[in-house]
Amino acid sequence: MPAPITEEQTRSDREALLDAAEGLFYGRGIQAVGMDDVRAASGLPLKRIYRIFAAKEDLVVAMLRRRDGRWRGSLAAHVDQVPDPRDRVLAVFDWLAGWFAEPGFRGCAWVNAHGELGPSSPAVLAEVRAHKQAFHDQIAAWVRAAGSPAVEPVFLLAEGAIVTAGITGDPAHAHHARAAAATLLSASG
């Protein structure tokens, strides 16, 4: 009889599963990836995978939630290093430019997930909306700290740069959006 699986092993298996799923789902698309692909990439048997996540949708939601924490955390760490409030807002676009230039950049994981599953999965749609609201709130805090009322235009510049860079593969869109954000901040400050 095999030894019982410990909480530590479950956490480790869950992380390995999320790592595999994130790489596959972001790299190839959620619907293009079957659970056998996830099994092969994670090294976990399907039975174990389904004990951790009862359905593929649950795995997608958990992957998006974890990615959100890491993605927004990395952005905040970058922006928070900048002392001037106005320059913090512009640092968002500098961070985006670096992200856009990373190998394997495929645009926004949440926009991609919404395009694939949003209309048919209330759970995925809720996770996408939660991420977009949290990102909006981050932008809003930085823009308001800079003394500007231009929250919505700056947020839309960031979102537009993300989507456009995802489609074109060109990181320059972050620089164009940064210049437009600088103009907005100057006009309102």
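## Contacts of Trp99

Leaving out neighbours within four places in sequence, Trp99 is in contact (heavy atoms within 4.5 Å) with Tyr26, Arg67, Trp71, Phe105, Gly107, Cys108 and Ile162. This is a predicted model: local features need pLDDT of at least 70, side-chain atom pairs count only at pLDDT 80 or more, and totals for chains, interfaces and linings use all residues. Residues are numbered from 1 along each chain as its sequence is written, and side-chain values use heavy atoms, without hydrogens and water.

## The nonpolar core

Trp99 also belongs to the largest nonpolar core, which has 61 residues. Such a core is a set of buried Ala, Val, Leu, Ile, Met, Phe, Trp, Tyr and Cys residues joined through side-chain atoms within 4.5 Å. Buried means under 20% relative accessible area, exposed means over 50%, and partly exposed lies in between (1.4 Å probe, protein chains only). Phe25, Val38, Leu59, Trp71, Leu96, Trp99 and Phe100 touch the most other members.

In soluble globular proteins, nonpolar side chains tend to be buried together.

## The whole chain

The chain has nine helices and zero strands. Helices are DSSP runs of H or I with at least four residues, strands are runs of E with at least two, and both are numbered from the N terminus. Of the 189 residues, 43% count as buried. The C-alpha atoms fill a box of roughly 70 × 30 × 30 Å along the principal axes.

Val111 is found in helix H6, residues 109-117. Its relative accessible area is 35%, so Val111 is partly exposed. Ala145 lies in helix H7, residues 122-145. Ala145 counts as partly exposed because its relative accessibility is 48%.
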